Each structure stands twice: as C-alpha cells, then as structure tokens.
Amino acid sequence: MPDPKNSPAARSMEIEQEAQRKRASKGDLETGLEDTFPASDPVSATHTTVPSGRTDTDAADRVKQTPEGEDDYALVDQALRSTGEGRPAFDGVRAGRDGVRALGRDVDRLGDTASEIASGAKLLAKSEVRGYVQDIEARIRERPIAAVAIVAALAFVFGATR
C-alpha cells in the first residue's frame, strides 16, 4: 500500500503551503513589485505622513463659502493677473462660457419645439384615423350584407391558415 504522505495530493499541498509561507515572509516592496510586474515604474513601499486635503484653513473656508459656479475661474484669474496678462484671456474664457450657456438655451428651445411638433403630428394622425373609421362605418351602413360577406371571407381565410 502506498504511503499517504508521498501521494501527489499531499506533495501538492506541501508545495502550496511553502509558497504561502514565502509570500508571508516577503516585504511590502517585494510583493508590490511582483504584483505590478511588468510595469514601467517600480512601486514604492513608503507611506506618507503628510495629511491629504487643504492645510491652509483660510483657503479651505473660502472654498466652502464660495457658491458653486459663482467664481469658477478665480484662481485662473489670479494667476493671470500675477503674470501681467490679466483680463483679455479671461474675458475670452468668460465669453466662451456664455456662448456655451446660450447654446444650452437654444437646445432647450429646440427640444420644446420638437415636442410641440410631435404633439401636433399625434393629433393630426388621430384625426386622420378618426376620418378613416367614419368612412368605413358609412360604407358598412350603405351595404351591410356585403360588409358581413367580406368579414366572413376574411375570417375563413384567417382560420384556414392557422
């Protein structure tokens, strides 16, 4: 009888356990390198102690208090003024933003116009169908026997094809 400790399953389990032990003993840097290989930039196992977010409380309060959209480009304007370029470029940005808003209003108006056209087309289609139905009813009233014969023939053909 073969030894159960030398079976293929037991050897495979020992190999897997050894690999797990090796992985547990490796450092963060080695594991990061293996996980990202073949990356072009190596990973760093360092951890920063600098807090994220704004460290300047005055700037953070200013950002919180500024309503959204009111002064979207205040920092850009400030940077341009500091370089001496100032208003012309910023005015171009503002004009572009105003143009985009105008286009948005035009799109809204076009959407309203399209819905009005669709509503009118729906009303027109309903009136056309109503006219056809009234025409068919008038013809049935003129020749009731012919109408019954036509319906009977259609019902026979429909029933025979099923």
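Modeller: A salt bridge is a side-chain nitrogen of Lys or Arg within 4 Å of a carboxyl oxygen of Asp or Glu. Keep that cut-off in mind for this predicted model.

Biologist: Why is the contact between R139 and D135 called a salt bridge?

Modeller: The N to O distance between the side chains of R139 and D135 is 3.7 Å. The limit is 4 Å, so the pair qualifies.

Biologist: Where do R139 and D135 sit?

Modeller: Both are in helix α5. They are four residues apart, about one turn of the helix.

Biologist: What makes R139 exposed or buried?

Modeller: R139 has a relative accessible area of 57%. Exposed means over 50%, so R139 is exposed. D135 comes to 37%. That value lies between 20% and 50%, so D135 counts as partly exposed.

Biologist: How many salt bridges does a search of the whole structure find?

Modeller: Four. Among them is the one between D106 and R109, at 3.0 Å from N to O. D106 and R109 lie three residues apart in helix α5, about one turn of the helix.

Biologist: What makes R101 and D98 a salt bridge?

Modeller: The closest N and O atoms of R101 and D98 are 3.7 Å apart. The cut-off is 4 Å, so this pair counts too. R101 and D98 also belong to helix α5, which covers residues 87-142. They are three residues apart, about one turn of the helix.

Biologist: Why are R101 and D98 classed as they are for accessibility?

Modeller: R101 is at 43%. D98 is at 37%. Buried needs under 20% and exposed needs over 50%, so both are partly exposed.

Biologist: How do you know how the span of α6 compares with the expected one?

Modeller: Helix α6 runs through residues 144-161 and has 18 residues. From first C-alpha to last, α6 reaches 26 Å, close to the 26 Å expected at 1.5 Å a residue.

Biologist: Why is α6 called hardly covered?

Modeller: Among the 18 residues of α6, the count of buried residues is one. Across the 162 residues of the protein, buried residues make up 6%.

Biologist: Which residues line the second largest pocket?

Modeller: R139, I140, E142, R143, A146, A147, I150 and V151. The elements giving two or more residues to this lining are α5 and α6. Helix α6 gives the most, with four. The pocket has a volume of about 190 Å³. R139, the partner of D135 in a salt bridge, is one of the lining residues.

Biologist: What makes up that lining by class?

Modeller: Five residues are nonpolar, none is polar and three are charged. Arg and Glu count as charged, so R139, E142 and R143 are the charged ones. Ile, Ala and Val count as nonpolar, so I140, A146, A147, I150 and V151 are the nonpolar ones.

Biologist: What is the overall pattern along the sequence?

Modeller: The pattern is α-α-α-α-α-α. The protein has six helices and zero strands. Its accessible surface comes to about 14400 Å², with 59% belonging to carbon and sulfur atoms.

Note on methods
Residues numbered from 1 in each chain as written. Predicted model: local features only at pLDDT ≥ 70, side-chain atom pairs only at ≥ 80, totals over all residues. Heavy atoms only, no water. Buried < 20%, exposed > 50% of the residue type's maximum accessible area, 1.4 Å probe, protein only. Areas by Shrake-Rupley, 256 points an atom, 1.4 Å probe, with all protein chains shown as cover. Expected span 1.5 Å × (residues − 1). 1 Å grid on protein atoms, 1.4 Å probe; cavity = no way out; pocket = protein on both sides within 12 Å on 5 of 7 lines; lining within 4 Å. Points joined across faces, edges and corners; volume = space filled by probe spheres on them.
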